[in-house]
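Dear colleague,

Please find below the structure that I am handing over to you. I would be grateful if you could look through it alongside the notes that follow.

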Amino acid sequence: MASISSHGFRHLSTTRCSFQFHFHKLRTSTSLAASPSFTISHDDSERAEQHEPPSSNGFSKQSQPYFPKRGQTLELVCESLAFKGKGLCKVADTGFVVMCDRVLPGERFVGRVTRRKGNYAEATKLETLSPHWDLVDAPCEYASYCGGCKTQNLSYEAQVRSKEQQVHELLTHVGKFSMKEFESHSVLKAIVPCEIQFHYRNKMEFSFGSKRWLPKDVFIEKQEGDEINALGLHAPGFFDKVLNIDKCLLQSGPANQVLASIQECWRDPLLGLSPYDVHSHKGFLKHLMLRTGRDVKTGLPELMVNFVTSSYKPELLTPLVEKISDIPEVVSVVNNINSSVGNTSVGEVEHVLYGKSTITENLRGLTFQISANSFFQTNTCQAEVLYRLIEECAGLKGDGSEIVLDLFCGTGTIGLTLAKRAKHVYGYEVVAQAIKDACLNAKLNSICNATFVQGDLNKIDESFGNNFPKPDIIISDPNRPGMHMKLIKFLLKIKAPRIVYVSCNPATCARDLDYLCHGVEEKGIKGYYTLKSVQPVDMFPHTPHIECVCLLELTPGSQMGS
């Protein structure tokens with residue numbers, strides 16, 4: 001037990017060894033709603049925590065029940081990082097789990113319980129008593145506040161170690177894959193780290209706001225008359241307050257130069273620019289989006305600047321456009337108009353204010369055009385690694401004889417990289433603009449053996465599959481909620497020899513792998529696949545996000561199954 005001084009709080013114990021989490025068997029309806037205690041649903045807010053204490057009633061059999069009350073103050077020790085980067089603590093002698101944001105393994109701190117959610121509680125950190133293990137100095141001045149880089153003060157080696165452990169625990173307890181299976185077949189591979197830990201993002205979105213958020217220690221020193229408008233990132237937990245940011249270490253150097261130039265002048269009263277207020281719905285400037293690509297001929301960076309405004313008044317933006325267009329890397333300045341009261345960055349109309357309407361990027365030997373609202377992998381360098389792994393898992397013969405079905409294809413990046421070795425690629429995606437971009441990218445790269453279709457994969461019926469040949473390889477790259485049960489049933493019905501599942505959410509990934517391999521007994525659904533490998537990839541250092549590339553092969557004899 002860790003030595004903790006007495007402050008009159010409830011104490012927690014910790015060891016540095018791996019903490020074995022326990023899970024409910026995640027069950028599903030056709031909407032993939034899970035059990036009421038710990039859910040993996042289509043709502044991101046309901047998928048944050050998957051970890052449970054050692055028994056269903058919240059405490060061990062050897063001890064008396066202990067349920068912390070809302071508002072109760074506890075002295076806690078973080079044991080490990082759980083899904084989405086929250087710190088996991090366990091009440092001594094009871095096994096009751098307390099989750100807390102912005103704490104790291106080994107950190108001893110004072111926390112206040114904010115709510116109980118069935119078999120665990122959530123807490124807010126009030127004060128750090130002793131630092132966490134693997135402590136490093138965070139180079140970013142905003143790291144403690146903005147919420148974007150929760151683990152920047154944790155050594156990178158510890159970050160990837162924690163992410164790999166999370167994948168292991170989720171596959172074991174949600175996916176129900178045995179330790180013996182992991183060891184005998186070497187299913188879980190060592191995580192692939194990211195060689196570039198800073199300046200790796202090719203896209204950043206900043207918000208203009210009329211309410212500048214300040215940390216408490218800074219707020220105390222704030223003087224009357226200080227600037228209240230802000231351009232930066234939303235403060236954690238606030239949709240209407242913005243932390244002013246002058247420089248972000250995740251984006252490129254030229255992007256930071258543009259950000260600094262705009263910060264220098266946008267508040268000048270003579271320009272007549274006002275930030276949009278989400279309460280009064282008044283104001284002009286909503287968002288600043290910066291995208292970095294590469295010139296296909298020179299390989300040099302090129303930058304797109306996207307001003308999202310509430311109306312079309314180009315004369316107001318002219319001084320800003322003239323200022324940033326002097327930066328050599330800026331080749332495109334566009335203005336998206338979002339006149340709705342919502343504060344999204346996607347506009348109803350787009351106008352080009354300077355240069356061209358798109359930028360370009362190279363990936364796996366192909367050229368992609370990127371517009372202001374196109375989806376493209378945010379970390380280009382690590383996307384090269386990710387797509388190489390997908391190609392290896394797909395295992396195409398290269399003789400042009402195989403059919404590839406690309407589900408959730410987005411702008412076609414994965415399918416197009418496989419097309420050169422396939423007979424034909426069929427891609428499906430719900431977003432209309434993404435399908436247009438996919439067709440454009442196919443034409444740009446002279447790829448004629450790819451067909452992209454708009455359609456909602458959550459709403460497929462019995463006729464799905466009639467418009468393409470039986471696939472030899474299926475690529476499935478769903479968003480965070482994972483795959484709908486309708487789609488899982490289709491995959492088990494069509495029985496393609498190989499499925500490559502690409503996941504940005506290891507919790508829903510583990511659930512879907514369980515269904516494909518083990519079936520859903522209460523629904524009479526049999527699983528027909530064997531999990532051959534799971535390769536975690538760190539796409540976003542200093543954040544809790546984890547990508548996984550999973551290979552499933554049809555179990556021998558399954559073709560004869562019903």
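The notes below set out what was found, beginning with the chain as a whole.

This is a predicted model, in which local features need pLDDT of at least 70 and side-chain atom pairs count only at pLDDT 80 or more, whereas totals for chains, interfaces and linings use all residues. Residues are numbered from 1 along each chain as its sequence is written, and side-chain values use heavy atoms, with hydrogens and water left out.

**Overall composition**

The chain contains 10 helices and 22 strands; these are DSSP runs (H or I of at least four residues for helices, E of at least two for strands), numbered from the N terminus. Of its 562 residues, 56% count as buried, where buried means under 20% relative accessible area, exposed over 50%, and partly exposed in between, with a 1.4 Å probe and protein chains only. Among contacts (heavy atoms within 4.5 Å) with a separation of 6 or more, 67% are between residues 24 or more positions apart.

An open sheet is formed by seven strands in the order β18-β17-β16-β19-β20-β22-β21, with mixed pairing; two strands pair if DSSP finds at least two bridges between them. Strands β18 and β21 (529-537) are at the edges with a single partner strand each, so one side of each has no neighbour in the sheet. From one strand to the next the twist averages 15°; axes are lines fitted to C-alpha atoms, for helices over the stretch in contact, and angles run from 0 to 180 degrees between N-to-C directions.

Within this sheet, β19 pairs with β20 (residues 498-503) in the parallel sense over four bridges, and I475 stands opposite V500 in β20. Helix α9 packs on the sheet, where it touches β16 (403-407), β19, β20 and β21, and its direction makes about 170° with that of β16.

Helix α9 is largely enclosed by the rest of the structure, because seven of its 10 residues are buried. Those buried residues are M485, L487, I488, F490, L491, L492 and I494. Their cover includes β16, β19, β20, β21 and helix α10 (506-518). Just after α9, K495 takes a positive phi of about 55°.

Strand β14 (residues 359-363) is mostly covered, with four of its five residues buried. It pairs with β15 (residues 366-370) in the antiparallel sense over five bridges, and L363 stands opposite L366 in β15. The two strands form a hairpin with two residues between them, and R364 in the turn has a positive phi of about 55°.

**Salt bridges**

A search of the whole structure gives 17 salt bridges, each being a side-chain nitrogen of Lys or Arg within 4 Å of a carboxyl oxygen of Asp or Glu.

In the pair K125 and E107, the closest N and O atoms are 3.0 Å apart. K125 is partly exposed at 30% relative accessible area, whereas E107 is buried at 4%.

E122 and R115 form another salt bridge, with their closest N and O atoms 2.9 Å apart. E122 is buried, with 7% relative accessibility, while R115 is partly exposed, with a relative accessible area of 44%.

K493 and E462 also form a salt bridge, the closest N and O atoms being 3.4 Å apart. This pair links distant parts of the chain, 31 residues apart: K493 is in helix α9 (residues 485-494), and E462 is in the loop between β18 (450-454) and β19 (473-476). Both K493 and E462 are exposed. Elsewhere, salt bridges that share partners join K86, R115, K117 and E122 into one network.

**Cavities**

The structure has four cavities of 30 Å³ or more. On a 1 Å grid over the protein atoms alone, a cavity is a set of points where a 1.4 Å probe fits but cannot get out, and lining residues have an atom within 4 Å of a point. Grid points are joined across faces, edges and corners, and a volume is the space filled by probe spheres set on the points.

The largest cavity holds about 80 Å³ of space. It is lined by 14 residues, of which G209, S210, D240, Y276 and V278 lie nearest its centre. Strand β7 (residues 203-209) gives the most to this lining, with three residues.

With kind regards

Technical notes. On a 1 Å grid over the protein atoms alone, a cavity is a set of points where a 1.4 Å probe fits but cannot get out, and a pocket is an open set with protein on both sides within 12 Å along at least five of seven lines; lining residues have an atom within 4 Å of a point.
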